[in-house]
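Please keep the sequence and the structure in view as you read.

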Amino acid sequence: MKYALVTGGSRGIGKAVCLELARKGIPVIINYQSDSDAAQEVKKLVEAEGTQATLMRFDVGIKEEADAALLKWEEQHPDDYIAYLVNNAGIRRDSLMFMMSDDNWHEVIKVALDGFFYVTRRLLPRMMMRRHGGRIVNMASLSGIKGMAGQVNYSAAKAALIGATKALAQETASRNVTVNAVAPGFIETDMTRELPAGELKKLIPMNRFGKPEEVASLVSFLLSDQAAYITGEVISINGGLYT
């Protein structure tokens, strides 16, 4: 059986991706770090769609935690594999760079970039060994394409993730493993709740923030067989905001 792992799957875009995959009948592994109640709620919603859901708690940015959790799952599922990986986990710690603390720099890099590395490296061998290959979608950002003032750390992490996406896609293409990135603009999630929405909407040709479900639909397509010839791409979803 082929499973999907969604990191940071307990809320926002990650939650929407879990539910979209559930509607397609794909068993979902919901990774989360701390919010057990939110993760349990997503699990219930996935199961309400008639699809199997598994909670997997670990910090993606800590190698030992990621390895231990994924190894345990692999030992429990010797005949299955994680064929669909959505590297969605991310945090923001915004400030102007001259005021940015070391911790705020390293924490953002750890979750977005180290998390991508530890989780993807662990799952790649099984994907590449299987005849049907696999699909990887990395959650980048408008910030990683154009840069955003006050987000030097976040922009750096997401820009690096875009570069990693393009490089890894070339390494895995011959094994039928596609690697793409999705770059959302302003989406209605917890991460954007405190932003000045009224002012920002004026910059967006569609004059609104996007919905997590809209991003999830794009991610779902990139994980599907219909997207088998798309790899190494970065697809923006931002309502026409200049990138």
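## Where H1 meets H8

On the H1 side, the contact with H8 is made by Gly12, Ile13, Ala16, Val17, Glu20 and Leu21. Their partners in H8 are Pro212, Glu213, Val215, Ala216, Ser217, Val219, Ser220 and Leu223. Sorted by class, the residues of this H1 and H8 contact come out as 9 nonpolar, 3 polar and 2 charged. Bear in mind throughout that you are looking at a predicted model.

How do the two helices lie relative to each other? The axes of H1 and helix H8 (residues 212-223) come within 8 Å and cross at roughly 55°. H1 and H8 are therefore oblique to each other. As for its hand, the crossing of H1 with H8 is right-handed.

## The sheet

Now to the strands. Seen in order, S3-S2-S1-S4-S5-S6-S7 make up an open sheet of 7 strands, and the pairing is parallel. Which strands form the edges? They are strand S3 (53-57) and strand S7 (234-237), each of which pairs on one side only. From one strand to the next, the twist averages 25°.

Within this sheet, strand S1 (residues 2-6) pairs with strand S2 (residues 28-32) in the parallel sense, over 3 bridges.

Helix H1 comes back into the picture here. H1 (residues 12-23) lies across S1 and S2, and also across strand S4 (81-87), strand S5 (134-139) and strand S6 (177-184). Relative to S1, H1 runs at about 165°.

## H4 beside H6

The next pair to look at is H4 and helix H6 (residues 152-172), whose axes come within 8 Å and cross at roughly 15°. That angle makes H4 roughly parallel to H6. The crossing of H4 and H6 is right-handed.

From H4, the contact draws on Asn104, Trp105, Val108, Ile109, Ala112, Leu113, Phe116, Thr120, Leu124 and Met128. H6 contributes Val152, Asn153, Tyr154, Ala156, Ala157, Lys158, Ala160, Leu161, Ala164, Leu168 and Thr172. By class, the contact of H4 with H6 holds 16 nonpolar, 4 polar and 1 charged residues.

## H4 beside H3

H4 also packs with H3. Helix H3 (residues 63-76) and helix H4 (residues 102-129) meet at an angle of about 30°, and their axes are 9 Å apart. This makes H3 roughly parallel to H4. Here too you can check the hand: the crossing of H3 and H4 is right-handed.

On the H3 side, the contact is made by Lys63, Ala66, Asp67, Leu70, Leu71, Trp73 and Glu74. On the H4 side, Tyr118, Val119, Arg121, Arg122, Leu123 and Arg126 take part. The residues of the H3 and H4 contact divide into 7 nonpolar, no polar and 6 charged.

How many salt bridges does a search of the whole structure find? There are 10. One of them joins glutamate 74 to arginine 122, with the closest N and O atoms 2.8 Å apart. This pair links distant parts of the chain, since glutamate 74 belongs to helix H3 and arginine 122 to helix H4, 48 residues apart.

Technical notes. Residues are numbered from 1 along each chain as its sequence is written. This is a predicted model: local features need pLDDT of at least 70, side-chain atom pairs count only at pLDDT 80 or more; totals for chains, interfaces and linings use all residues. Side-chain values use heavy atoms; hydrogens and water are left out. Axes are lines fitted to C-alpha atoms, for helices over the stretch in contact, and angles run from 0 to 180 degrees between N-to-C directions. Helices (H or I, at least four residues) and strands (E, at least two) are DSSP runs, numbered from the N terminus. Angles under 35 degrees count as roughly parallel, over 145 as roughly antiparallel, 65 to 115 as roughly perpendicular and the rest as oblique. A crossing is left-handed if the near helix is turned anticlockwise from the far one by less than a right angle, and right-handed if clockwise. Contact means heavy atoms within 4.5 Å. Ala, Val, Leu, Ile, Met, Phe, Trp, Tyr, Cys and Pro count as nonpolar, Asp, Glu, Lys and Arg as charged, and the others, Gly among them, as polar. Two strands pair if DSSP finds at least two bridges between them. A salt bridge is a side-chain nitrogen of Lys or Arg within 4 Å of a carboxyl oxygen of Asp or Glu.
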